[in-house]
Amino acid sequence: MRNAMSYKIVQHVSRWSVLAVFAILLAFPFYWMFITTFKQTADLYTLENNPFKFNLPPTLEHLRLLFGQTKYVTWLENTAIVGAIVVGITLVLALPAAYALTRLTGRWGQRLGIIIFLTYLVPPTLLFIPLSRVVAILGLQDTIWSVVVVYPTFTVPFSIWLLMGFFKSIPRELEDAAMVDGLTRLGAFVRLVVPISLSGILTVVIFTFTLVTQEFVYALTFISTENNQMLGVGVPTFLVRGDVYYWGSLMAACLIASLPIAVLYNLFLDRFIAGFTVGAVK
Amino acid sequence: MAVVETRNLTKVFKEGELGAVNNVNLETREGEFLVFLGPSGSGKTTLLRMIAGLEQPTAGEIRIGSRVVNHLSPRERRIAMVFQSYALYPHLSVYNNIAFPLKAQKVPKDQHRKKVEWAASLLGINLLLNRKPRELSGGERQRVALARAIVREPSVFLLDEPLSNLDAKLRASAREELESFHKRIGTTTIYVTHDQVEAMAMGDRVMVLNKGVVRQLGSPTEVYDRPADTFVATFLGSPPMNLLENGDMIVGFRPEHLLPVELVPRAVINFRLRVKNTEYLGAEWILYGMVTGGKFDGKQVVSRLGSAGSFQANETYEFAVQEEHLHFFDRHTEKRTEPKVLAWQ
Amino acid sequence: MAIGAKIPPEIVGVKQGEVDVARIPWRRTPDGRARLLGVALFSPAVLYLIALIGVPFVLAFVYAFTDVKVGSVTSHYVGLENFRSIIQSPSFRKALGNSFIFTIVSQFLVILGSTILSIALKDKFHGRGFVRFLILLPWVAPISLGAIGWKWILDSLYSVINWVLVALHFYKPYSAPMWLGEPTLAMISVILVHTWRLLPFSTVIMLAGLTAIPKDIPEAAQVDGAGFWRTLFQITIPMMLPIINVAVLFGIIFTFTDMTVVYILTAGGPYDSTQVLPSLAFFTGILGGDLSQGAAISLFLVPILVVISYFMLRMAHGAEIA
C-alpha cells in the first residue's frame with residue numbers, strides 16, 4: 001500500500017542524489033580551475049599537501065602574471081572584436097535569408113533551408129586544409145581577418161536555422177494586415193517582423209558570439225603570431241614555455257574566459273530552446 | 001451502497017485564498033450517470049481529479065465502495081479515467097493501448113487477448129486494433145479511450161470533458177454513443193462538462209458547481225424546473241432565465257414562458273414590450289425586448305417563441321407570464337424561496 | 001496574395017477589377033515579386049556558403065587526388081596514391097579505429113547519462129536554474145579551455161584524482177595511474193572528456209523532448225496502474241525516441257569530427273594511441289605541410305557525414321508529414 005507522502009520523499013531524495021552526482025562531475029573542473037587560480041605555486045606543486053584546501057594563504061600572483069606578462073588581454077580583445085564583426089556579418093546574411101526561406105519561397109524554400117542547415121554539419125576539420133590555402137592566397141594569413149571571413153561559415157547556417165524557427169512562430173496574418181495597410185513586403189519585414197523578433201535576434205547574437213569564442217581549429221590553422229591570436233588558441237599554446245605549463249595562470253585564464261560566457265548562455269537558453277522546438281516540431 | 005462518496009472535500013491551492021473545491025459532500029448511486037456541471041474554474045475538474053487520486057485533497061474524505069481511499073494511488077482505487085485529450089499512447093497500437101492497463105496490473109498474459117477483444121467489441125473497434133492513434137478519427141479515438149478504460153472492469157468511470165475536443169457535428173453522435181455505452185455496461189460514471197446541454201441530455205443527476213461549491217444536486221428536471229439559486233437558474237437554459245428585482249425578492253421566468261398575452265391563460269405579470277431585435281433560428285424565434293412603462297420600465301427581457309408572427313422592431317406589444325412559471329429567489333441570499341404575492345405595477 | 005494588392009503600374013488605363021491576369025508577366029505579379037524578393041534576400045547567404053563551404057569542400061577532394069603541399073606552386077594529379085599510402089600507414093588505421101571507438105563509447109555514455117539527468121531535471125524545483133548553470137558549464141566553456149582544465153586534473157604528477165586515490169590507499173604514492181601517459185588510460189581519458197563535454201548539450205535536447213510530452217499521458221499511465229519504472233521504460237522513453245535520435249546524430253558529428261580534445265590533451269600520443277582522423281589530418285596537412293595527404297585523411301570523415309545527413313533528412317521529412 002503506497003503512501004503518497006513517502007513516495008514524494010523517495011522522489012525528492014533520488015532526484016537530488018542524481019543531480020548532486022552529475023552536477024559535481026560536470027562542474028568539478030571549474031571548481032578546480034578556481035582553486036588553482038588562487039593557490040600559491042609552492043602549494044600547488046607540493047604533492048603531500050591536500051589539494052582541496054589552501055595550505056598556504058591564497059594569492060593573486062597568477063592573475064598578475066596573466067594580465068601583466070602575457071598577451072591574455074590582447075587575445076580577449078581580438079576575440080571580442082572578431083566576435084562583434086562576425087555577429088554583424090551573420091545578421092546581415094542570415095536575417096534576410098531566414099525571412100525569405102520562411103515566408104517567400106514555399107515548399108522548396110523549406111528544402112533549401114534544410115540544405116543550408118546541412119552545411120553546418122560540414123566540419124572545420126574537413127574544410128581547414130583547403131581553406132588554409134584560400135586564406136593564404138587572399139593574403140589574410142596570420143591576421144584576425146582570416147577568421148572573420150571564415151567564421152560565418154558555421155554561424156550563418158546555425159543562425160538561419162534558429163531564425164527560421166522564430167519567424168515561423170509569428171503569424172502570417174500580421175504581415176498580411178500590414179500589407180493591406182500599405183506596407184510593401186520588404187517594409188513589413190523591416191518595420192514589423194524584425195522588431196517583433198528582437199528577442200529571437202538577440203538570442204542569435206549571443207549564440208553566435210559564443211560559437212566564435214569556442215572556436216579552435218580555424219584559429220589554430222590560420223593564425224600563428226601571439227599578438228594576433230584568439231582566446232581559445234592563445235591560452236593553451238602560449239601560456240606554456242617549452243614543456244612547462246604555468247598551471248596557475250592557465251587555470252585563471254580558463255576561468256575568466258568561461259564564466260561570463262556561461263552566464264550569458266544561461267540567460268538566453270530558454271529562448272533558444274523555444275526557437276529550436278518550434279522549428280523542429282513544426 | 002454508494003459507489004463514490006465525498007465528505008467535506010476541500011482543495012486549497014494557495015494559502016489564504018478561496019479553495020478550488022470547498023466542502024463538497026456527495027454520494028453517487030450505483031450505476032448512475034452523474035454530471036459535474038459548471039463554468040471553467042468552478043472546481044469540477046479538480047474534484048474529479050481528487051476522486052481519481054491525481055490531486056491530494058487539503059481536507060475531507062473520499063470513499064470508493066465504502067473504503068476510504070485518500071491515501072491510495074490511482075491504480076489502487078479501481079477507477080478508470082478518460083481524459084479530455086484521450087491521452088492515448090501514440091507509439092502503441094490500439095491493441096496495445098487497450099492492453100496496457102492489463103499489463104500494468106499484471107493480469108496473466110493469456111487473458112489479455114480475450115479481454116482486449118471483449119472491450120473492443122463493446123465499442124465496435126475490433127477492426128482498428130492494429131492501427132496507431134494518429135491514424136484514427138476523433139470519434140474512433142474516443143472509443144479507444146473508452147475501451148482502455150473498460151478493459152479493467154473498474155467500479156467507477158471518470159470522464160473529463162471527453163466531447164469538447166470534437167467538432168460540433170461529431171459531438172452529437174459521440175454523445176449518443178456514450179449514452180448507449182453507459183446503458184450497456186451500467187458502471188457508475190462521473191462526467192465533467194461545462195456544457196449544460198450535455199449535462200441535461202446525459203445525466204441521471206446533475207451536480208451544479210460554482211467557485212468550488214455545490215449549488216444544487218438533482219435530476220435534470222429538478223435543476224431546470226426548480227433551480228436552487230439564481231446561479232443554477234441562469235446557468236441552465238439558453239437563453240438564460242430573465243431575472244427582475246421586486247422589493248426584497250428576485251423573480252425569474254424562462255424565455256419560453258414569456259409569451260404574447262393571448263397565449264397566457266392565468267397571466268400574473270403583464271409587460272408592454274418594445275421589440276428591439278428578433279432572431280430566427282429555424283425551429284424557433286428569439287425576441288429581445290425592453291419593458292416600457294410600469295415598475296420595470298427599461299429592463300431588457302428575452303422571449304422564446306415558436307413563431308414570431310408579425311412582430312416588428314420598435315413596435316410595442318403586450319406580453320405576460322403565467323403564475324406557475326414564476327421562480328422566486330431571496331434578493332440577498334439569491335436562494336430559492338416560497339412564492340409571495342407581490343406588486344407588479 | 002494579399003487582399004487589396006495594387007495593380008502593377010505598367011498596366012495603364014485598366015480599372016481595378018478589370019485586370020486580365022494572364023497578360024501580366026509573372027515576375028510582375030505580387031506572387032512573382034515576392035519570389036524575386038525572396039531570392040534577393042537569401043542570395044547573399046547562399047553565395048557566401050557556396051564560396052566558403054561548397055568550393056573548399058570540392059577543393060578537399062581535388063587536393064586528395066594531387067600532390068599539393070604548402071608552398072607548392074604547381075600540383076599534379078596522382079590518382080589514388082595518397083589514399084594508398086595512408087591506408088597502409090599504421091597511424092592512419094589507429095586513427096580510424098579510434099575515431100569510431102571514441103565516438104561510439106562516449107555517445108553511449110552521453111545518452112545514458114543525459115536521459116537520467118533530463119528526467120531528474122524535468123520538474124520545477126527551487127534552485128533548478130543554478131543546477132542547470134552548473135550542468136551546462138562543460139558545454140558552454142570553450143572546448144580548448146575545458147580540455148586544458150582536464151589536462152591539469154589528469155596531470156601525471158599533480159592529478160587531483162590520483163591524490164584522492166592515494167589518500168584512500170588504492171595506490172601507493174608515485175604509482176598512481178598515468179592518465180595521459182599510458183595508451184589505454186589515455187584513450188579512456190579522451191573518451192571521458194568527450195562525454196563530459198557533450199552531456200549538457202544532450203541533456204538540454206532531451207529536456208526539450210521531455211517537456212513536449214503532454215501531461216495527460218503519464219497521468220493516464222498512472223490511472224492505468226503503471227508504476228514509476230514501467231511508465232519510464234514503456235511510455236516516457238519510447239516517446240522520447242525521436243529526440244534521442246536528434247541528440248545522438250548531433251553528438252556523433254560533434255565527437256567524430258573534433259580534433260581539439262585530442263590535440264590539447266594528448267596531441268595524439270602516447271605513440272599515436274589516441275590519434276583520431278581530424279587530428280591526424282591536422283598534423284599531416286598543416287604541421288607537416290602535406291596538404292594533399294591531409295586532405296585525403298580528412299575525406300574519410302565524409303562517409304559518416306553522409307550517413308548522418310541521410311538520417312537527419314529522413315527525420316526532417318518524417319516530421320513534415322506527421
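**Entry 1: terms and ground rules.** I start with a definition: two strands pair if DSSP finds at least two bridges between them. Helices (H or I, at least four residues) and strands (E, at least two) are DSSP runs, numbered from the N terminus. I keep in mind that this is a predicted model, where local features need pLDDT of at least 70, side-chain atom pairs count only at pLDDT 80 or more, and totals for chains, interfaces and linings use all residues. Residues are numbered from 1 along each chain as its sequence is written, while chains are lettered from A and ligands numbered from 1 in the order in which they are written.

**Entry 2: a hairpin in chain B.** I looked up strands β14 (residues 267-280) and β15 (residues 285-291) of chain B, and they pair in the antiparallel sense over seven bridges. B:Leu273 stands opposite B:Val291 in β15(B). Four residues lie between the two strands of this hairpin, and B:Gly282 has a positive phi near 95°. I then followed β15(B) to its antiparallel neighbour, strand β16 (residues 300-305) of chain B, and found six bridges joining them. There, B:Trp285 has B:Leu305 in β16(B) as its bridge partner.

**Entry 3: an open sheet in chain B.** Which order do the strands take? I read β2-β1-β4-β5 (chain B) for this open sheet of four strands, with antiparallel pairing. β2 (21-27) and β5 (67-68) of chain B each have a single partner strand and stand at the edges, so one side of each has no neighbour in the sheet. Strand β4 (residues 59-64) of chain B pairs with β5(B) in the antiparallel sense over two bridges, and B:Arg63 stands opposite B:Val68.

**Entry 4: chain B as a whole.** I see eight helices and 18 strands in chain B. Its C-alpha trace spans about 75 × 45 × 35 Å along the principal axes. Chain B is divided into domain 1 (4-225) and domain 2 (239-330), with bounds from an automatic or database domain assignment. The C-alpha centres of these two domains lie 40 Å apart. Of the 345 residues of chain B, 39% count as buried (20 or more other C-beta atoms within 10 Å of the residue's own, with C-beta atoms placed from the backbone).

**Entry 5: where chains A and C meet.** How many residues of chain A are in contact with chain C? I note 78, against 72 residues of chain C; contact means that C-beta atoms, placed from the backbone, lie within 7 Å. Helix α14 (residues 247-281) of chain A gives the most to the chain A side, with 15 residues. That side has 59 nonpolar, 15 polar and four charged residues (nonpolar: Ala, Val, Leu, Ile, Met, Phe, Trp, Tyr, Cys and Pro; charged: Asp, Glu, Lys and Arg; polar: the others, Gly among them).

**Entry 6: the cores.** A nonpolar core is a set of buried Ala, Val, Leu, Ile, Met, Phe, Trp, Tyr and Cys residues joined through C-beta atoms within 7 Å. The largest has 146 residues, and A:Ala97 and C:Ala45 are among those touching the most other members. Helix α4 (residues 72-104) of chain A gives the most to this core, with 14 residues. Domain 1 (1-64) and domain 2 (81-321) of chain C both give residues to this core, so it lies between them. Apart from it I found another core, of 95 residues, including B:Phe83 and C:Met240.

**Entry 7: confidence.** Chain C averages a pLDDT of 86, and 90% of the residues score at least 70; pLDDT is the predictor's confidence in each residue, from 0 to 100. The complex gets an ipTM of 0.88 and a pTM of 0.84 from the predictor.

Conventions:
Contact = placed C-beta atoms within 7 Å. Buried ≥ 20, exposed ≤ 12 C-beta atoms within 10 Å, placed from the backbone.
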